[in-house]
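Please look over the sequence and the model below before reading on. The paragraphs after them go from the whole chain to its parts.

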Amino acid sequence: MKTTNKYFHKALAILAMASTIVCAEPAQEAPQGNRQFTVTQETALNFVETLPNGQLKWGECLEYPHGWGQEVNIGKETGRIYFSTEFVCIEEGKKVLKRVYFDITEAMPFYRDALSSVCSQITPRLKQLRQLLTNVKDKDSADSLAADIEPLLPLVTRYQDGIPDEIPSAIRAHIMEEQGISSDVKAIYEEAIRLIMERCFGSEMLDKVMRGFGR
């Protein structure tokens, strides 16, 4: 029972990691009546930081919005791409949330170019890892592939290394989705869960490797 629980809890941990992968939001227009700003290639990396003390006059901004309440939406009819995020501000002595929409259509070529090097390097390696995990069907294949899988596993948690931190996470995720990287990462997590629940087909070598998966 202890061994079963060990694998079960590891699978749950990996499932929790997989659930943090951000996907592009369903296509929709920016709601009417909300504050909207246009982001150009020249302002692509600093548009969020300059707003609290610049165009937005909502009082004291308590938190910068990176990583919090972010969404990327695509207009169904226009095809325009919107990034939105929330600010915590003080109005009349009370904390309030304000969601702002940014039209980033003009800035997307800049973002795609900034991520192109990372995407081109990471995509084939993630596909290789995905295929290696898929090929594990029994103890012999588990033993033979354990050494090949080990150096590739860190890619799963570090696949966004090299991307400028100034690019909001939702925009990064949107481009990763465009490139098929997000789907590869999800599939890798699914294969890892399969192997762990199968107890690595009795392979001690693969079991040792999979213990470090998702770290």
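Predicted model: local features only at pLDDT ≥ 70, side-chain atom pairs only at ≥ 80, totals over all residues.

Residues are numbered from 1 along each chain as its sequence is written, and side-chain values use heavy atoms, with hydrogens and water left out.

The protein chain has a mean pLDDT (the predictor's confidence in each residue, from 0 to 100) of 77, and 72% of its residues reach 70 or more. Over residues 22-28 the pLDDT falls below 50, although this stretch has 18 contacts in the model beyond near neighbours in sequence. A contact here means heavy atoms within 4.5 Å.

The chain contains eight helices and five strands. Helices (H or I, at least four residues) and strands (E, at least two) are DSSP runs, numbered from the N terminus. From that end the order is α-β-α-β-β-β-β-α-α-α-α-α-α. Among contacts with a separation of 6 or more, 69% are between residues 24 or more positions apart. Of the 215 residues, 41% count as buried; buried means under 20% relative accessible area, exposed over 50%, and partly exposed in between (1.4 Å probe, protein chains only). The chain exposes about 11,700 Å², and carbon and sulfur atoms supply 50% of this area. Accessible areas come from the Shrake-Rupley method with a 1.4 Å probe, and for residues only the protein chains shown count as cover.

Two strands pair if DSSP finds at least two bridges between them. Six residues lie between β3 and β4 in their hairpin, and Gly79 in the turn has a positive phi of about 75°. β4 is mostly covered, with nine of its eleven residues buried.

Which residues have the most contacts inside the largest nonpolar core? They are Phe83, Ile104, Tyr111, Ile149 and Leu206, in a core of 51 residues. Helix α3 (residues 108-135) gives the largest share of this core, ten residues. A nonpolar core is a set of buried Ala, Val, Leu, Ile, Met, Phe, Trp, Tyr and Cys residues joined through side-chain atoms within 4.5 Å. Beyond its neighbours within four places in sequence, Ile149 is in contact with Leu129, Leu132, Leu133, Val136, Leu206 and Val209.

Leu206 belongs to helix α8 (residues 204-211), where Asp207, Val209 and Met210 are also buried. Seen down the axis of α8, the buried residues fall within an arc of 165° (taken from the directions from the helix axis to the C-beta atoms), so they line one face of the helix. The face turned away from them carries the exposed residues Glu204 and Lys208.

Helix α6 (residues 169-178) is mostly covered, seven of its ten residues being buried. These are Ala170, Ile171, Arg172, Ala173, His174, Ile175 and Met176. Their cover includes β3, β4, α3 and α7 (181-197). After α6 comes Gly180, with a positive phi near 80°.
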